[in-house]
Amino acid sequence: MSLDLNLLPLSRADGLDQSELPGLYAAAPPRRTARGRNADRLILHFSMTGNAPLSAEQQGQILARLAETYFQTPGAVTAATRAVAEALNQFLLDRNRRTTSNGRQGIGMLSVAVVRDETLILGQSGPTHAFVITPRGVQYLYDPELSGRGLGVSRTAPIRYFQAQLHPGDLLLLTSQLAPGWSETSLNNVYSLGLESLRRRLISHSEESLDALVVQAQPGNGKLRILRPKAGSGQQSAVSDQQSAVGDQQSAVSDQQSAVGGQPSTVNRQPSTVGDQQSAVGGQPLTVNRQQSTVNSQPPVAASPPGRWIRQPSPPLDERRRPSGAEKASETAKPARPRPSLPKLNLDPLKNAVASIGRALGNTLRAVSASVNTLMRRVLPDESLLQIPPSTMIFFAIAVPVILAVIGGFVYIRRGRAEQFQLHYHEAAIAAVGARQMTDMAEQRTAWNNVLSLLDDTETYGKSADSQALRGEANAALDQIQWIQRLDYQPAITGIGSPDASMLITHMAATADELFYLNSTQGNVRRATFNGSGYDVDTRFFCNLPTGSDPIVDIIALPRGNTQNAVLMGMDANGMLIFCAENGEAPRSQQMAPPHTNWGSPNAFTLDTGDLFVLDPPTNAVWIFRAMSIDVQPQSFFSEEIPANMQNAVDLAVNRDDLYLLHTDSTLTFCTFSGFEVAPTRCTDNTVYNDPRPGYTSGPFVDDALFSQILYTPPPESSLYLLDAKHQAIYRFSMQLTLHSQYRPVEELSGGAEVTAFTVTPNRRLIIAIGNQIFYANLP
């Protein structure tokens, strides 16, 4: 059974009842809808907090566009309501970003109620309140944790869903600010009241300001009615049945264009105090100018009085009035909606260019003919010599059509690129609509990646605010799916001694306030100290091996007070160590005692609890110097069991008895040391990365990542960090190899070039190097 819905606005300001509820918009389905929308009746209730409110006219325009977004979005009701919330969130977020410098912000709260037959589906964005009042009791719907702070504060639009069955006489009460006297207990006995008595009861329990809506279900055939106090009856008047035309008899609006003489309706506003220029709501540009704003870009035919507006399509329920005394309102038809179509390729520029070239060639030939006639006359007796050399005339005869052809071709190419841009952007926008409807995370990830790919093709023909906004939406969706946290990296070297262009930084180490970075081009290490906003290079620090030695392959920052009286230790590929001190002291080098197999080619080392661990892939070994006794032959970490693929091990991390070996193919080997023969050291090749992200699978590889460096950070937050150089990403795992998050820059750094080194300081600064450039950011 289909139900009629009576809408009773409750609006008060400064203790006085108001005839308008600006944040209310209701619409029956238009004549043409997306799949699944033809039986839905939509009610939007919107309000704002903050110091940058929207005017009533601006709210009307935005809500009208949101209604269009809802009815044009196919699929489930929840998908369409989410599309509405996301569109409004993006509009408010862009608006807040533009007004941040002025200290003005506005946060939106939205309730989206959809009724299909007897089913109510309610979406709440922001701390909004709702009561479902039935003979069986009152249900209070309020959950700020799930519905979020509101819209316009982050890239993700929070929304909470609720579903219920409605029966004749049931009530739905929506409000963004709970009146002091409204509760499940106080509302338990209002079900049997008439609407006028209900209105007086609710207002009597409210304060001087009120913004709420009562929806009453009645037997019927799907009509929507707005109910208002009778004209001239005062605040305590009886309720009359003044209604907008959104019922069965809808042909008046569909055929007559909102009852304004068959002309398309427009919005003609007075100057606005907000002054938003343009944003995108529902995938369509929304213009809110200071002088005039037009819906659907139609010519104006009638100006609405201040504080009132006419909308097309889907006119609101509370705008046009019958003469006082009429207790039944007319019902309008479903608004006609233009069918969306793909942009057509315009060949007029080509035709015009060809015609221009033809005319130019004709004119040129006529000019050449005239020149020849003149030449013939001048060669006759009594004619003077030619004024212009023939070579000059021939040059102009050839150059002019060439120049005209180039200009015509340029004009055609420019117009052709614009047409191609629109065609490709439309394809990306359609793909985004499909991505928004998907519920499977793996399918969502594929769909949004496809949107980005289509946008890459689109932006080969140029960029626009819409394409950039869609790219931002796709990236935000993928960030949420992939657990990406964006970091605002800043250049690290702010003082003297900036890295030169020939430098290639391949390894870094850090203390709380010191940064060491290895320049593999010259084989030396530099030191920089933190100054509060970046790092200053220590020009007195000198750290490189003697001439003729192999280059340094890895570095470690040493704790203060060590026996070597150094701040940094480096290692070359022959097992030679270098100890570098501050204050300009010369470095000292010392050869490590070779193992029984002699050194192969060590490529990485690390310190843990005073023990030195050296990775030597050619000898299939990790060698241990206990207590840094580098003059004593080291012992092997492994027992008889040697991990596979030791030859392609590139880095290591150690936490007491646990060893993590990273290989060139991004796999990990995990080993636990044992000094007992009865329980030898055990290793697990191809250790599983535990990936709990929806749509991802755990295994020896992480989807879309290739790791090249690994770093262990000690307690209080013991973690393993792995570098995915290609995507400028740092992945954080627990010690059990469960993914926690990944960090990427807000915007690509250095044109998207690969990261060549990284480190994490004890006070949680993440530092990365890209070639000769160094950036840092604070970890969340």
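# Exercises on a predicted model

T609 is exposed, with a relative accessible area of 57%. Keep in mind as you work that this is a predicted model.

**Exercise 1. Is S666 buried or exposed, and where is it found?**

Step 1. The cut-off for buried is under 20% relative accessible area.
Step 2. S666 comes out at 0%, so it counts as buried.
Step 3. You'll find S666 in the loop between β32 (658-663) and β33.
Step 4. Its phi is positive too, at about 80 degrees, although S666 is not a glycine.

**Exercise 2. Find the cis peptide bond between P715 and P716, and say where P716 lies.**

Step 1. Check omega: for the bond from P715 to P716 it is near 15 degrees, and the bond is cis.
Step 2. As for place, P716 belongs to the loop between β35 (707-713) and β36 (719-724).
Step 3. For background, most peptide bonds are trans.

**Exercise 3. How many disulfides does the model have, and how are the bonded cysteines paired?**

Step 1. Remember what you're looking for: a disulfide is a covalent bond between the sulfur atoms of two cysteines.
Step 2. To spot one, look for cysteine sulfur atoms within 2.5 Å of each other.
Step 3. C543 and C580 pass, with their sulfurs 1.9 Å apart. C671 and C683 pass as well, at 2.0 Å from S to S.
Step 4. That gives a count of 2 disulfides.
Step 5. Number the bonded cysteines in sequence order and the pairing reads 1-2, 3-4.

**Exercise 4. Describe each disulfide: its handedness, its place in the chain and its burial.**

Step 1. Take C543 and C580. The angle about their S-S bond is 65 degrees, and the link is right-handed.
Step 2. This pair links distant parts of the chain, 37 residues apart: C543 is in the loop between β22 (535-537) and β23 (552-557), while C580 is in strand β25 (residues 576-580).
Step 3. C543 has a relative accessible area of 2%, so it is buried. C580, at 0%, counts as buried too.
Step 4. Move on to C671 and C683. The torsion about their S-S bond is about 115 degrees, so this disulfide is right-handed.
Step 5. C671 lies in strand β33 (residues 668-672) and C683 in strand β34 (residues 682-684), so the pair ties together parts 12 residues apart in sequence.
Step 6. Both C671 and C683 are buried.

**Exercise 5. Describe how helices α8 and α9 meet.**

Step 1. Find the helices: α8 covers residues 441-458 and α9 covers residues 465-482.
Step 2. Their axes come within 10 Å and cross at roughly 150 degrees.
Step 3. Angles over 145 degrees count as roughly antiparallel, and α8 and α9 are therefore roughly antiparallel.
Step 4. The crossing of α8 past α9 is left-handed.
Step 5. Among the residues that meet are W448, V451 and L452 in α8, and L470, A474 and L478 in α9.
Step 6. Sorted by class, this contact has 10 nonpolar, 5 polar and 4 charged residues.

Notes
Residues numbered from 1 in each chain as written. Predicted model: local features only at pLDDT ≥ 70, side-chain atom pairs only at ≥ 80, totals over all residues. Heavy atoms only, no water. Helix = DSSP H or I, 4+ residues; strand = E, 2+ residues; numbered from the N terminus. Buried < 20%, exposed > 50% of the residue type's maximum accessible area, 1.4 Å probe, protein only. Axes fitted to C-alpha atoms, helices over the stretch in contact; angles between N-to-C directions. Parallel < 35°, antiparallel > 145°, perpendicular 65-115°, else oblique. Left-handed = near helix turned anticlockwise from the far one by under 90°. Contact = heavy atoms within 4.5 Å. Nonpolar A, V, L, I, M, F, W, Y, C, P; charged D, E, K, R; others polar.
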